[in-house]
Amino acid sequence: MAATPQNPAAATPRRKVSRHRGEGQWAAGHHTPLNGNEQFKKDDDGLNVRTRIETIYSKRGFDSIDPNDLRGRMRWWGLYTQRRPGIDGGKTAVLEPEELDDEYFMLRVRIDGGRLTTRQLRVIGEISQEFARGTADITDRQNVQYHWIRIEDVPEIWDRLEAVGLSTTEACGDTPRVVIGSPVAGIAEDEIIDGSSAIDEIHRRYIGSKEFSNLPRKFKTAISGSPLLDVAHEINDIAFVGVNHPEHGPGFDLWVGGGLSTNPKIGVRLGAWVPLAEVPDVWAGVIGIFRDYGYRRLRTRARLKFLVADWGAEKFRQVLEDEYLGSKLVDGPAPEQPVQQWRDHIGVHRQKDGRFYVGFAPRVGRVDGATLTKIADLAEAHGSGRVRTTVEQKMIVLDVEEDKVESLVEGLEALDLTARPSSFRRGTMACTGIEFCKLAIVETKQRGSQLIDELERRLPDFDEPLTINLNGCPNACARIQVADIGLKGQLVVNDKGEQVEGYQVHLGGALGLEAGFGRKVRGLKVTSEELPDYVERVLKRFQAEREDGERFATWAARASEEALS
């Protein structure tokens, strides 16, 4: 039949109606795995792979490892294959996983709250020297990462770590990752509340438990009672931020749904005040929502931030209270803005017991096993048995008597670990980069270190707080969107028409004072070779154009594109 005005539908092709499979939410009854990751988790819990590592893979070698264990379940125990040497960034997204894999592993040591004894630090350093070719990077989540680990050595490494109370349990994978905390919890003079006991209880109850060992994706936690807001709470899946309630006293303000990567979102307040004793239960409720209601259909939408964005704070809080806690949360105040921009605890500071802590800056988190053992020796020689890692890739020695502070500072300087760093040394972070990471496109660690040297030479008097974050790919492990100058690695074309390593530039991101994401100037990309010239040029323009007391992020938000180019 021909189409006529009386029968217009005859000319319209029928659309195939397909039933949407949902988002893979368990709470909606969607238990059928909708992708390969969900399938291998259903087939066998990631925690179970430890037995195979100990009894089969470590004895038979790399080639004996099942692919779903190699690129999946082994993450539950902190193990990732590292990048095969010699593969350039242009091939990162082209090659298959087995072509990128080296026969060595990155191994992440879980350090909840960044808390270490000098004995633990010494063991970490010894393992580095014996099994990891000296590697031992400090991450921006307070962990230590080894490289060059052989599968044959993993059981021995676990034995040595666990003998001093450390582990790699759920350091990676679709699990509750390390719980980051204030590195000066329990000792800082200005602390609102010490969250250490909550970190310990969460670890005791839930880490390594199959109750939360199959999440849609990773789950990041931050707990801090510091008024400096020193754990980047705005970009964690869940964060407990110290506040003083006008009626109930010190406790925590509850935030959920933060995260970066390719779809960055600042966490949202639920408007709830949580007492210290209830933090583990509330944490279990929030991660329970993620486990049950989180989106499992697409990996790109499998973070809590997408559920929070769809539900909103009011619904999320209601579900938490009604379905998971069985009681109402107390309404509470927001945290106060910090009085300073630096949140890294670098320098010499008095503790509430009258002793001092000393924060110092390695270069972009890059240290080695020999240096870590020397730090442990140095700390003990100055009366300390405790050290801390920070979320800025820095370290702190605690409990130093006043008459030993200067000697400790001098000892650190001799190791190229300064407690009086330039703004550039203090504020520059870098992810692992192409040296070891299979996702990376460009080099980061060496580039960051070289950039520090160049800027210190060119701008010796620059003393403004400034963060420069280098990332080897779009995944934002080094938090590029919330840095004053964020550098996202990619291949760019230089003035000779050659494709070379470079960065897309983000400017004016911030956490704490005025949290927000950096600005991208249209078409602004720099080659690695041009990077020092570019940063010098922008900082000189900032110095020339800034208003009294104006921060770089504020200036960058109002500056012309010409000034930022």
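# Exercises on strands, cores and enclosed space

Ala 222 has Ala 239 in β8 as its bridge partner. The model is a predicted one, in which local features need pLDDT of at least 70, side-chain atom pairs count only at pLDDT 80 or more, and totals for chains, interfaces and linings use all residues. Residues are numbered from 1 along each chain as its sequence is written, and side-chain values use heavy atoms, with hydrogens and water left out.

## Exercise 1. The open sheet

Solution. 

Step 1. Strands are DSSP runs of E with at least two residues, helices are runs of H or I with at least four, and both are numbered from the N terminus. Two strands pair if DSSP finds at least two bridges between them.

Step 2. The open sheet has 6 strands in the order β6-β7-β8-β9-β10-β11, with mixed pairing.

## Exercise 2. Strand β2 and the largest nonpolar core

Task: State how many residues of β2 are buried, and which residues of the largest nonpolar core touch the most other members.

Solution. 

Step 1. Buried means under 20% relative accessible area, exposed means over 50%, and partly exposed lies in between (1.4 Å probe, protein chains only). In strand β2 (residues 101-109), 7 of the 9 residues are buried, so the strand is largely enclosed by the rest of the structure.

Step 2. β2 pairs with β1 (residues 79-83) in the antiparallel sense over 4 bridges, and Arg 83 has Asp 101 of β2 as its bridge partner. β2 also pairs with β5 (residues 144-149), in the antiparallel sense and over 4 bridges; here Val 109 stands opposite Val 144 of β5.

Step 3. Phe 105 is placed in strand β2 and counts as buried, at 0% relative accessibility. Phe 105 and Phe 436 are 331 residues apart in sequence, and their C-alpha atoms are 9.1 Å apart in space.

Step 4. A nonpolar core is a set of buried Ala, Val, Leu, Ile, Met, Phe, Trp, Tyr and Cys residues joined through side-chain atoms within 4.5 Å. The largest has 54 residues, of which Ile 53, Met 74, Phe 105, Ile 124, Tyr 146 and Ile 149 touch the most other members. Apart from this core lies another, of 37 residues, including Ile 223, Val 279, Trp 283 and Val 308.

Step 5. Contact means heavy atoms within 4.5 Å. Not counting residues up to four places away in sequence, Tyr 146 touches Phe 105, Val 109, Val 123 and Ile 124, among others.

## Exercise 3. Pocket and cavities

Task: Give the volume of the second largest pocket and of the largest cavity, and identify which residues lie nearest the centre of that cavity.

Solution. 

Step 1. On a 1 Å grid over the protein atoms alone, a cavity is a set of points where a 1.4 Å probe fits but cannot get out; a pocket is an open set with protein on both sides within 12 Å along at least five of seven lines; lining residues have an atom within 4 Å of a point. Grid points are joined across faces, edges and corners, and a volume is the space filled by probe spheres set on the points.

Step 2. The second largest pocket has a volume of about 390 Å³. Its lining has 27 residues, the closest to its centre being Asp 190, Ile 192, Ser 226, Pro 227 and Leu 228. The largest share of this lining, 3 residues, comes from β8.

Step 3. There are 3 cavities of 30 Å³ or more. The largest cavity holds about 330 Å³ of space. Of the 21 residues that line the largest cavity, Gln 341, Arg 343, Glu 392, Thr 467 and Val 482 lie nearest its centre.

Step 4. The second largest cavity has a volume of about 60 Å³. Of its 14 lining residues, Ser 182, Ala 185, Ser 196, Ile 199 and Ile 223 are the closest to its centre. α7 (196-206) and β7 are the elements that give two or more residues to this lining.
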